[in-house]
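I opened this structure to see how it is put together. My notes are below, in the order I looked things up.

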Amino acid sequence: MNRPVRATVAQRPVRRPSLTEWVQGLPGLSGRARRLLLEGDTEARYAGRTAADSGYRLTMALAVAVSQPGREWTLAQWWEALVLRPTAGGAWARSLRSRKGERYAESKLAGMLDKARAFVGTSGTIVCRADAIVAIARLRAAVEAVVWPGPGGGTDLKNLTARLQLAEQAGGIEHEVSVRQLAELMGCARSTVEASNARLRASGWLVLVTAGIGEHSSAWSLRIPPAGPEDQKSCARPGHRPASGERGQRVSRARTRSGR
């Protein structure tokens, strides 16, 4: 008796997702953070004095993005995204491993992730460069995550965008800028800037540290305002999704000297 011959079905190889598909499937990332990881700092938001400094700043910004409450990445996820996958945002981390070795790179990246976790969601004191970069990245994320309604809201967003660039150049959330300089950066009248400054101070985004005297510009500090029952009034607060068309335009790279 002849046994029935079983037909062999050729198995198709399992298709691995592309790098773009893999990044798009990562949990807990905003669209901006996904682009930063996949494409790198195409807008030079985290540009430093050297390529290594720029890479460090970008990596700290990504550390903030993956340390948001309830969406924290594990060290294994962090290592895979930056080192094991050829992401543009992980170029600095892979270079670090190549130059310093795997053990050093793993320790450095773990420390950066711990620094971001400790700082995000708190009002921790800024004591080092990493803290400052985390604070600026956290502020930028908060600014981009709110609704800025009406003409006044658009002006306030431009104001904060310009100040964030100044803060990045200054290396911390405190920065010096005059009303005239802000007016030039924002492309508006001084009276418009003064009104915007007043709204941002009242809503808690902006703090006047030292008033300018003579040729010296005023010193300012940026803050994320606390949530409260007044949140729905004149100025936007963190926690609201941005409405379409209400994102601010990118402000050209600013200079920190008074009158320039």
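The entries go from the whole chain to single elements and residues.

**Entry 1: overview.** I note first that the model is predicted. I counted 10 helices and 3 strands in the protein. Reading along the sequence, I wrote down the pattern α-α-α-α-α-α-α-α-β-α-α-β-β. The protein has 260 residues, and 41% of them count as buried.

**Entry 2: the strands.** Which strands pair with strand 3? Strand 1, residues 174–177, runs antiparallel to strand 3 and is joined to it by 4 bridges. Within that pairing, His-175 has Trp-220 as its bridge partner. Strand 2, residues 206–210, is also antiparallel to strand 3, again over 4 bridges. Here I found Thr-210 opposite Ala-219.

**Entry 3: helix 6.** I looked up the span of helix 6, residues 102–119. Its 18 residues reach 26 Å from the first C-alpha to the last, close to the expected 26 Å. I listed its buried residues as Ala-105, Leu-109, Ala-110, Met-112, Leu-113, Ala-116 and Phe-119. An α-helix has 3.6 residues a turn, so residues three or four places apart point the same way.

**Entry 4: Asn-159.** Is Asn-159 buried or exposed? I found it in helix 8, which covers residues 150–170. Its relative accessible area is 0%, so Asn-159 is buried. Not counting residues up to four places away in sequence, Asn-159 touches Leu-182, Met-186, Val-193, Ser-196, Asn-197 and Leu-200.

**Entry 5: Ala-88.** I placed Ala-88 in the loop between helix 4 (75–84) and helix 5 (91–100). Ala-88 is partly exposed, because its relative accessible area is 34%. Where does Ala-88 make contacts beyond its neighbours within four places in sequence? Ala-88 is in contact with Leu-37, Leu-38, Glu-39 and Gly-40. I also noted Leu-36, which is 52 residues from Ala-88 in sequence and 7.9 Å away in space, C-alpha to C-alpha.

Methods: Residues are numbered from 1 along each chain as its sequence is written. This is a predicted model: local features need pLDDT of at least 70, side-chain atom pairs count only at pLDDT 80 or more; totals for chains, interfaces and linings use all residues. Side-chain values use heavy atoms; hydrogens and water are left out. Two strands pair if DSSP finds at least two bridges between them. Helices (H or I, at least four residues) and strands (E, at least two) are DSSP runs, numbered from the N terminus. Buried means under 20% relative accessible area, exposed over 50%, partly exposed in between (1.4 Å probe, protein chains only). Contact means heavy atoms within 4.5 Å. The expected span of a helix is 1.5 Å times one less than its number of residues.
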